[in-house]
Amino acid sequence: MEMIHPYRRYSDYMKELYGKRVQKITVDAGFTCPNRDGTKAYGGCIYCNNESFAPGHKSTLSISEQIHFHKKKLATRYNASQYLVYFQAYSNTYSSLEHLKKLYEEALAVPGVVGLSIGTRADCVDQAKLDYLGELAQKYDITIEYGLESMDNESLKRMNRGHSYQDFCFAVEQSHQRGIKTCAHLILGFPWENKELWLKTADELSRLKVTFLKLHQLHIVKGTVLAEQYLAQPFPLMTQMEYRDLVIEFLERLSSEVVIQRLVGEAHAQTLLAPNWNVRSSDFTEDLERQMLALSTYQGRLCQSIEAV
Ligand code: SF4
């Protein structure tokens, strides 16, 4: 019997949209980030070490070569024939429009590629870039993934994000106006934040109607400023169970329209300092779904729907 899922899963959404599996292919386009190169700040966000999610990932291959390389593997393993190209590491709109056009169009020209997912910061897009991506969105499946991390400006300052919550809202609204889908990336667990703020963020993301959401527990990754702070003065981190229960409450407050791309992060063992839950994301989500079903709850159950206003 097929399981009923208590939240809107990305894989179901893609199947509804395309009728079959669409595989994401991650590429590295050699970008950097204004929060690291001195334009905004040096050193980057206090928790960031890009190596933790893509160790040794710097590619010497062109974008199309990287896509062809992954396509071959995915076609054999999953019988895939449609692909979304994911520009992941660093800020993938942080360059001239001409350069971006070249990279994105090289990806879209590869047979089977139906769209792009572009990870970036809210302050790395402008009207011209959004207009261009809006044009692409008429023909392709285009998502911009914006790092939000927190809706509290004081907290954003503390993590050295270099942008405000208002920057995020503006970028999301401007993207939607052009038919571009959005994905919000949010971290739950900074020790100076609290549950009230996190649940309020679910209300805000519902109000903004972000298309997708990626949730992530706070990881302390080696080689980061946060790791130095943690080692000098350890602070409490959520247990797996506490995080699971928080995510359930978060999902209850979130609009049922928001599609969930991810609920938990996995860092590489060699770079992770804490917390060490030692759980695969698929096991985490299975446990979370079981708990939601046991509680007879579901995404949006407590959403303070703005449609009702
Ligand atoms: S998390 Fe993103 S914005 Fe922050 S330093 Fe790392 S790459 Fe830059």
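The exercises below use a predicted model.

**Exercise 1. The ligand shell**

Which residues come nearest to the ligand, and how is the shell made up by class?

Solution. 
- Step 1. Sorted by class, the shell holds 5 nonpolar, 2 polar and 3 charged residues.

**Exercise 2. Cysteines**

Decide whether Cys33 is buried or exposed, then find how many disulfides the model has.

Solution. 
- Step 1. The relative accessible area of Cys33 is 9%. The cut-off for buried is under 20%, so Cys33 is buried.
- Step 2. A disulfide needs two cysteine sulfur atoms within 2.5 Å. The count by this rule is 0.
- Step 3. Take Cys303 as a case: the nearest cysteine sulfur belongs to Cys169 and is 16 Å away, and Cys303 is in no disulfide.

**Exercise 3. Aromatic pairs of Tyr10**

Classify the pairs that Tyr10 forms with Tyr13 and with Phe212, and place each pair in the chain.

Solution. 
- Step 1. Ring centres must lie within 6.5 Å to pair; planes under 30 degrees apart are stacked, and those over 60 are edge-to-face. The model has 12 aromatic pairs by this rule.
- Step 2. For Tyr10 and Tyr13 the centres are 6.4 Å apart and the planes are at 20°, so this pair is stacked.
- Step 3. Both tyrosines, Tyr10 and Tyr13, belong to helix α1 (residues 10-18); they are 3 residues apart, about one turn of the helix.
- Step 4. For Tyr10 and Phe212 the centre-to-centre distance is 5.5 Å with 85° between the planes, which is edge-to-face.
- Step 5. This second pair links distant parts of the chain, with Tyr10 in helix α1 and Phe212 in strand β6 (residues 212-217), 202 residues apart.
- Step 6. Tyr10, Tyr13 and Phe212 form one aromatic cluster. Tyr10 has 16% relative accessibility and therefore counts as buried; Tyr13 is buried too. Phe212, at a relative accessible area of 2%, is also buried.

**Exercise 4. Charges over rings**

Which rings do Arg21 and Lys24 lie over?

Solution. 
- Step 1. Arg21 lies over the face of Tyr78, 4.5 Å from the ring centre.
- Step 2. Lys24 has its charged end over the ring of Tyr86, at 5.0 Å from the centre of that ring.

Notes:
Residues are numbered from 1 along each chain as its sequence is written. This is a predicted model: local features need pLDDT of at least 70, side-chain atom pairs count only at pLDDT 80 or more; totals for chains, interfaces and linings use all residues. Side-chain values use heavy atoms; hydrogens and water are left out. Rings of Phe, Tyr and Trp (its six-membered ring) pair if their centres lie within 6.5 Å; planes under 30 degrees apart count as stacked, over 60 as edge-to-face and the rest as tilted. Helices (H or I, at least four residues) and strands (E, at least two) are DSSP runs, numbered from the N terminus. Buried means under 20% relative accessible area, exposed over 50%, partly exposed in between (1.4 Å probe, protein chains only). A charge sits over a ring if NZ of Lys or CZ of Arg is within 6 Å of the ring centre and within 35 degrees of the ring normal. Ala, Val, Leu, Ile, Met, Phe, Trp, Tyr, Cys and Pro count as nonpolar, Asp, Glu, Lys and Arg as charged, and the others, Gly among them, as polar.
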